[in-house]
Amino acid sequence: MKNRANKRAPRSTDEKRPRTPLRELAVLFLKLGTIAFGGPAAHIAMMEDEVVRRRRWMTHDEFLDLLGATNLIPGPNSTEMAIHIGHRRAGWKGLVVAGASFILPAMLIVTGFAWAYVRYGSIPEVKGVLYGVKPVIIAIVLQALWSLGRAAMKTKLLALIGIAGVLLTFLGLHELLVLLGGGLTVAAVRLVVRAVKGQQSFLSLISASPLIIFLQTSTTSAAAASFSLAALFLFFLKVGAVLYGSGYVLLAFIRADLVDRWHWLTESQLLDAVAVGQVTPGPVFTTATFIGYVLGGTKGAAVATAGIFLPAFVFVAASGPLVPRIRRSPTAGAFLDGVNAAALALMVVVTYQLGRAAIIDFPTIALAIMSGAILFRFRVNSAWLVLGGAIAGWLLYGR
């Protein structure tokens, strides 16, 4: 018996660590979901402060491992980080509780904004708020593009992928093809360089790519034009399953399908949805909640939210145990680099298109320039700028 016991594998760090009560997980992530303004980077910084520094639920290295894993799968990074932490601390139940708790406050707040927008959207005071917020949003996205671009364009090849992505998107190539092409191109170049050393098979990367799975769905669904809750759910399920990069890339998908192809939304409604997403805390992906409510009321909000966030739970559940292997894969890393460069290209195009609708006169030009200057110089929380833009718009509109 003693020999058998000695042969047993040592317990992992996770097995030795006491599990966190589900109630404690729920309280923490409900709080973070309510106060987390400023985008994914700010959300993750707040999580690190709570989980590593204050509660000491994991080490800095463990936290960074989970953060690296979120960058290798599609979906909203900060939400996936919450889901990873929940899974690490309380297993499968923790995975659901932490993710749902982080999403729920933003969903409820955005639904409230959507209700007010549908009911009072034509009132001048509300239009004035959005009139001031929209140019601020353009400045915020530009600042995000600058910081993300400096991190993503690490080589001349990645810069070329970004430039090509901008040109191909302007020429009308589908967004998924731009993302897939960028990822596979960089991965192929990396494999050619490593071919003489007999390293990984390119086919293993292709077969594992979630973009392939949804590519046919995306291209065939573009012909549909009639609205239904099922179609709304499938659209946001597809987006949640393939979207790499910043949450702002979501705008490119929404504009291409819901505005240009299916005509479910107008350009102005899309900008209003983005504005509400910036005014409210939590994941940027709750823009889907706003759009769902505008298109289908309370049921539409619930369906759109479920569709866009469901893949994040699935991907975290599937990838969590594989994190060590994924992080060691040079091909997967190259693929992700290419996807990120292409995702920034989509952001550039959608920012240009939204900017044309948001910056329409001297006051909006001034708001955009001042917001950009403040962001680049002082790096203030974007929520304060949005609040300032709302006040300025309310005071300036109609005068």
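pLDDT is the predictor's confidence in each residue, on a scale from 0 to 100, and the structure shown in these views is a predicted model.

View 1. The mean pLDDT of the protein is 79, and 81% of its residues reach 70 or more. Over residues 1–13 the pLDDT is below 50, and the model gives this stretch two contacts beyond near neighbours in sequence.

View 2. Side chains of opposite charge can pair when their charged atoms come close. A search of the whole structure finds eleven salt bridges, and a network of such bridges links Glu24, Lys31, Asp49, Glu50, Arg54 and Arg55. Within this group, Arg55 forms a salt bridge with Glu24, with the closest N and O atoms 4.0 Å apart. This pair links distant parts of the chain, since Arg55 is in the loop between helix H4 (40–54) and helix H5 (60–70), whereas Glu24 is in helix H3 (residues 22–35), 31 residues apart. Both partners count as partly exposed, Arg55 because its relative accessible area is 30% and Glu24 because its relative accessibility is 34%. A second pair in the view is Glu50 with Lys31, whose closest N and O atoms are 2.6 Å apart.

View 3. The side chains of Asp272 and Lys134 meet in a salt bridge, with an N to O distance of 2.9 Å. Since Asp272 lies in helix H14 and Lys134 in helix H7 (residues 124–152), the pair ties together parts that are 138 residues apart in sequence. Asp272 counts as buried because its relative accessibility is 4%, and Lys134 likewise counts as buried, at 13% relative accessibility, the cut-off for this class being under 20% relative accessible area.

**View 4. Helix H14, its span and its buried residues.** Helix H14 (residues 267–279) has 13 residues, which at 1.5 Å a residue should span 18 Å, and the distance of 19 Å between its end C-alpha atoms agrees with this; the expected span is 1.5 Å times one less than the number of residues. The buried residues of H14 are Leu270, Leu271, Asp272, Ala273, Val274, Ala275, Val276, Gly277 and Gln278.

**View 5. Thr286 in the loop between H14 and H15.** Thr286 is found in the loop between H14 and H15, where it counts as buried because its relative accessibility is 0%. Apart from neighbours within four places in sequence, Thr286 is in contact with Ala106, Met107, Val110 and Phe309.

View 6. Ile308 is found in helix H15 (residues 287–319) and counts as buried, because its relative accessibility is 0%. If residues up to four places away in sequence are not counted, Ile308 touches Phe236, Leu237, Val239, Gly240, Leu250, Phe285 and Ala288. Ile308 and Leu243 are separated by 65 residues in sequence, and their C-alpha atoms are 9.8 Å apart in space.

**View 7. Ser371 in helix H18.** Ser371 has its place in helix H18 (residues 362–378) and is buried, with a relative accessible area of 4%. Its contacts, leaving aside neighbours within four places in sequence, are with Val136, Ala139 and Leu385.

**View 8. A nonpolar surface patch that includes Trp394.** Trp384, Leu387, Ile391, Trp394, Leu395 and Leu396 make a nonpolar surface patch of about 650 Å². Trp394, one of these residues, is placed in helix H19 (residues 382–396) and counts as partly exposed because its relative accessibility is 46%.

Conventions:
Residues are numbered from 1 along each chain as its sequence is written. This is a predicted model: local features need pLDDT of at least 70, side-chain atom pairs count only at pLDDT 80 or more; totals for chains, interfaces and linings use all residues. Side-chain values use heavy atoms; hydrogens and water are left out. Patches are made of residues with over 30% relative accessible area and no salt bridge: like charges are joined within 9 Å, nonpolar side chains (Val, Leu, Ile, Met, Phe, Trp, Tyr) within 5 Å. Accessible areas come from the Shrake-Rupley method with a 1.4 Å probe; for residues, only the protein chains shown count as cover. Helices (H or I, at least four residues) and strands (E, at least two) are DSSP runs, numbered from the N terminus. Buried means under 20% relative accessible area, exposed over 50%, partly exposed in between (1.4 Å probe, protein chains only). Contact means heavy atoms within 4.5 Å.
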